[in-house]
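Please keep the sequence and the 3D view at hand while reading.

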There are 2 protein chains.
Amino acid sequence: MISRLIHIDANSDDSLQSQIRHKLVEGILVGSFAAGSKLPSSRKLATQLGVSRNTVVLVYQSLLDEGYIESRERSGIYVSEKVSQGKVELVQNSPLQPSFDDSSTNNHHRFKGALATTTATSCPQNWHKYNFPFIDGKFDSSLYPVKEWREANTKANTPREIYQWSELQGAEDDPMLLDEIRTKILPRRGIQANRDEILITVGSQQALYLICQLFVDSTVTVGVEEPGYPEMRELLVNQGAKLHYQPIDDKGLVVDEQLNHCDIIYTTPSHQTPTSITMSMDRRDEVLKKAHEQDLLIIEDDFEFESNFLGQPHPALRSLDRDNRVVYISCLSKVLASGIQIGFIVADSGVIAELKKLRKMVMRNPPLNNQRAVAYFLSLGYYDAFMMHLHKVFFERWLTLREALNTYLPNCIDTGPIQGGTAYWITGPKQLDGEHLREEAAKVGILIEPVKRYFASTAHPENCFRMGVTSIPNEKIRPGVQKLAALVHQLTADYEEKLTNAKGKLLSEAALKQALPGALLECQMVYGVPCSIELLADGRMKGRTGGTDSEVDMGRWWIEGGMYYRQWKLWAYGEVKGFYVIMDGDEMKWFDQNYCFVRQLELKGYKDQS
Amino acid sequence: MISRLIHIDANSDDSLQSQIRHKLVEGILVGSFAAGSKLPSSRKLATQLGVSRNTVVLVYQSLLDEGYIESRERSGIYVSEKVSQGKVELVQNSPLQPSFDDSSTNNHHRFKGALATTTATSCPQNWHKYNFPFIDGKFDSSLYPVKEWREANTKANTPREIYQWSELQGAEDDPMLLDEIRTKILPRRGIQANRDEILITVGSQQALYLICQLFVDSTVTVGVEEPGYPEMRELLVNQGAKLHYQPIDDKGLVVDEQLNHCDIIYTTPSHQTPTSITMSMDRRDEVLKKAHEQDLLIIEDDFEFESNFLGQPHPALRSLDRDNRVVYISCLSKVLASGIQIGFIVADSGVIAELKKLRKMVMRNPPLNNQRAVAYFLSLGYYDAFMMHLHKVFFERWLTLREALNTYLPNCIDTGPIQGGTAYWITGPKQLDGEHLREEAAKVGILIEPVKRYFASTAHPENCFRMGVTSIPNEKIRPGVQKLAALVHQLTADYEEKLTNAKGKLLSEAALKQALPGALLECQMVYGVPCSIELLADGRMKGRTGGTDSEVDMGRWWIEGGMYYRQWKLWAYGEVKGFYVIMDGDEMKWFDQNYCFVRQLELKGYKDQS
């Protein structure tokens with residue numbers, strides 16, 4: 001009841017009218033009387049407060065004039081909606097509050113350090129409303145360790161803990177967090193470090209920023225990966241660095257004499273951003289050797305080291321570094337809810353001391369309540385547990401996506417031979433316009449990531465895009481890819497071979513019966529490993545893929561109505577599928593019942609018998 | 001029991017020795033076997049694990065060689081203390097881990113953005129161990145709203161809330177916090193702002209940093225207060241700004257034609273850093289007028305607006321600004337435990353948008369869990385409640401300190417006519433060496449703040465220091481000042497007038513009896529206001545101070561043994577004190593029983609009758 005909130009002091013020097021006005025304005029500004037809510041009539045309020053109606057009428061009138069309240073015909077007096085938009089002409093205690101008029105200064109001409117560009121984010125704000133969000137780096141919230149974070153957070157906020165971390169103000173980090181990182185995280189990467197060799201940052205972005213501030217100016221040439229992490233490129237450009245764009249191959253950053261004129265190399269060896277390629281051990285040695293020979297500094301961005309699915313993760317460059325040339329960056333954001341933002345830098349104590357001075361100038365230190373909460377999260381073992389959990393979840397999704405791509409887009413796309421990471425870099429058919437695909441896919445609820453932003457050069461491939469697994473539940477992956485595959489085929493229909501115009505010769509039922517029993521078919525999986533299929537004369541078939549995670553499957557095959565049919569036990573979802581077969585030399589091409597091209601294989605030793 | 005932690009897999013390809021070694025190293029690194037803890041003997045562990053003793057001996061030997069464990073004579077095997085210092089030669093999974101040798105790179109020659117200077121903090125890390133910490137800005141932990149913060153923090157970390165603020169990742173701030181600041185904090189300063197006119201920062205340091213990044217480069221001249229906030233000076237120097245040092249007087253920043261060649265003015269109007277002087281309303285108008293005439297931008301650092309003790313706080317410059325020239329900064333750190341670090345900037349939406357881009361580059365956004373927790377702290381009304389609480393506590397301490405200074409160091413120091421703030425800027429006797437006083441005071445458990453760091457000029461007064469009230473409990477203030485006063489007198493003893501060498505004439509008992517009844521004494525309080533004392537003929541006395549917080553007190557006086565005695569009801573702690581009196585013209589000087597100078601007063605209309 002509004003009158004409860006308005007206490008009138010009969011002994012006050014202030015007039016009744018002023019007191020009521022004051023309380024009403026205060027209530028409106030602090031939200032006790034919410035925007036849009038109805039106020040009592042002047043008569044009713046006067047009665048409640050025991051004052052004359054005229055007093056209330058005068059107060060209401062002044063508030064109406066100033067826009068705090070509004071009168072709605074035949075309905076009454078309401079708190080103005082404009083209040084919450086900050087549009088009221090005058091504010092309490094501030095009769096001088098101006099509304100800036102047209103002659104007021106626009107401050108744009110004063111901007112000295114305005115950013116010429118900022119990397120547009122590639123993901124819509126409402127990504128979670130899409131049915132099939134194949135977006136990397138966003139998380140479906142089911143993955144947050146909510147209960148465990150709450151426990152760690154509660155532990156970090158007992159009175160004793162608060163007093164402890166409050167004493168740390170200044171430039172120092174929480175020693176408990178430093179020790180947890182030293183003993184629980186760094187050993188996984190083969191890195192050892194003392195407390196004074198670690199700096200806590202607000203996420204990895206701040207880590208990169210501080211490192212750029214320290215090591216980079218316009219006299220420095222920095223070698224970056226192309227394609228590479230656009231936010232780092234932006235930081236480097238902002239520092240006035242000269243950039244050298246170094247290509248990557250399927251072993252990671254290419255190491256050659258082009259790096260000789262660099263001063264610094266920035267690299268993402270665990271899973272290259274954006275291609276997810278893991279730098280090979282040989283390549284790691286080469287990079288370090290190059291750095292030694294050419295006196296380079298290496299910035300190692302190890303943001304995703306835990307998601308190596310095939311084989312063990314390679315040790316970090318920092319752990320292999322024999323002469324202190326590697327500055328190492330990582331963060332814990334993949335495990336904690338994003339928004340908490342804890343990252344860290346490992347380097348020699350001289351570098352860390354200097355970075356600490358810079359950090360102090362930029363913002364003192366990362367919030368200490370969060371440092372302590374994350375320290376507890378680690379010390380309670382939740383980091384390890386959730387890392388394993390995420391690893392399991394992402395690995396499953398990663399395999400599901402690979403399987404779906406291989407089933408629905410064979411011979412059409414290429415993901416490269418990656419061993420982990422949480423996104424696939426996908427090269428589509430030559431004629432595919434990736435940006436157009438992205439737009440069309442979004443219309444049917446599928447989010448894929450365009451890749452233009454990863455390239456510094458304007459001469460980037462148009463037919464690439466990325467698909468990530470952090471944000472999409474496993475069960476959505478197959479239907480999403482199926483839908484996307486239909487779209488890809490639709491967009492490239494004009495260029496795709498059809499049964500009706502394909503080069504080569506359509507095999508009749510008789511020709512199939514002659515060619516297929518005992519045949520050995522060879523093809524390539526979308527992820528770059530070979531696959532061989534043996535069609536046994538008895539109608540069974542054996543399949544085997546190559547690569548580090550070689551798989552085998554059994555199935556059956558037959559010929560029916562001029563088509564080759566097959567059904568695997570596990571592969572291709574165990575579905576029965578029939579294909580028309582065209583042979584062109586020893587190249588075998590499959591077409592579906594709509595005469596659309598599906599896949600090309602090699603039929604070893606095939607000779608046209610006709 | 002250690003053997004529980006070591007699970008041996010008989011079917012493993014790994015040897016027993018390797019398995020045991022692996023588990024032990026892991027346990028040591030993750031802290032399951034703590035540094036310094038005793039391990040079982042090789043015989044005992046072998047029995048527990050069911051392996052041959054030789055196996056365990058070989059494992060222990062390898063760990064001894066590598067420094068994980070150490071053998072203490074006649075005592076046994078212990079986990080090495082060195083492990084927790086990160087001094088172990090080799091780390092698990094990382095046979096290549098080097099210990100950098102002397103030939104390894106020292107990276108100092110690569111520093112491009114190293115800071116030439118950093119402002120030394122003026123406060124020892126262990127300030128809370130001092131008995132009398134008169135340090136400003138540090139908090140005695142009894143002031144933290146621990147329970148209320150825990151409640152707000154818990155509310156911000158329910159699953160629903162976590163999902164909500166996690167969605168905000170990117171560059172956006174928590175709309176709930178923006179609205180709480182808009183409706184609960186800014187109206188107190190007379191400021192209205194929309195959401196897009198506010199940016200959340202990690203404390204006020206980040207606010208200043210971002211603003212410098214945006215508005216300042218080497219072409220810009222910035223007018224700063226002298227003495228002023230050293231951290232801001234450092235930021236400006238780092239940006240290459242030209243600095244103009246503008247003096248302050250007892251109305252705040254001096255406004256004159258010297259400001260005409262500035263582009264930007266940085267000012268701390270609520271309580272000037274470091275003098276605590278509040279800028280007068282007239283001066284505020286003058287600053288804004290100057291800014292308008294000379295097309296200046298004003299950076300208003302309003303870090304302490306709530307601690308105006310005498311009279312109402314003046315509205316912020318931003319609220320008086322008619323043509324959008326003021327960029328406003330404040331923070332909530334005074335109310336929350338430090339370490340949480342939430343600050344904010346208010347400016348027009350164009351400026352905020354640009355600052356947001358810069359902030360995104362520096363670190364994305366301030367941790368969102370904290371933004372939400374602080375929003376709840378505000379919405380639950382705890383901010384208001386604690387602000388009032390702190391106001392009360394600090395006001396009490398502020399008065400206590402003023403009273404103590406006035407009692408124990410009259411005519412010796414000057415605090416200036418300040419109305420609030422949490423620190424006094426103290427000008428001591430001309431001959432006092434403030435830095436020497438600080439050193440000597442620290443030895444007896446008193447922390448005062450040296451002021452050299454606030455001056456850009458080397459020609460700063462040597463006899464000044466600061467005393468703050470945020471960190472010292474009320475009951476410690478009087479004894480601390482008493483102790484400090486003794487030290488001041490000791491250090492300036494050579495220069496102080498003594499009864500034995502004072503200019504003027506010592507009044508005998510008879511002369512006192514003639515001169516004092518009915519006399520009107522006038523003097524100055526240390527905080528700059530006049531005080532008059534009327535000695536009534538009947539032995540009573542009346543005292544009255546001037547200024548906005550005029551006080552009166554009654555007491556009694558008498559003459560005894562050639563000394564003037566007095567006792568106030570309230571003033572000077574109601575203590576009985578006797579003084580020898582020397583008259584020099586109409587100047588009256590009091591000396592204590594040790595013949596030391598205490599205070600000088602004017603005896604209106606006194607004529608030497610001798």
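Is B:Cys412 buried or exposed? In this predicted model, B:Cys412 has a relative accessibility of 12% and therefore counts as buried. The closest cysteine sulfur to that of B:Cys412 belongs to B:Cys596 and is 11 Å away, so the two are too far apart for a bond.

B:Cys523 counts as buried because its relative accessibility is 10%. Its closest cysteine sulfur is in B:Cys531, at 4.3 Å. A disulfide needs sulfur atoms within 2.5 Å, so this pair too is too far apart for a bond. Over all chains, a search of the whole structure finds zero disulfides.

Chain B also holds an open sheet. Three strands form this sheet in the order S1-S3-S2, with antiparallel pairing. At its edges are strand S1 (38–39) and strand S2 (69–72) of chain B, each of which pairs on one side only. Strands of a sheet pair through backbone hydrogen bonds, in either a parallel or an antiparallel sense. Between S1(B) and strand S3 (residues 76–79) of chain B, the antiparallel pairing runs over two bridges. B:Leu39 has B:Ile77 in S3(B) as its bridge partner.

Turn now to chain A and its domains. Chain A is divided into domain 1 (2–84), domain 2 (146–384), domain 3 (391–491) and domain 4 (505–603). Between the C-alpha centres of domain 1 of chain A and domain 4 of chain A, the distance is 81 Å.

Definitions and conventions: Residues are numbered from 1 along each chain as its sequence is written. Chains are lettered from A and ligands numbered from 1 in the order in which they are written. This is a predicted model: local features need pLDDT of at least 70, side-chain atom pairs count only at pLDDT 80 or more; totals for chains, interfaces and linings use all residues. Side-chain values use heavy atoms; hydrogens and water are left out. Domain bounds come from an automatic or database domain assignment. Two strands pair if DSSP finds at least two bridges between them. Helices (H or I, at least four residues) and strands (E, at least two) are DSSP runs, numbered from the N terminus. Buried means under 20% relative accessible area, exposed over 50%, partly exposed in between (1.4 Å probe, protein chains only).
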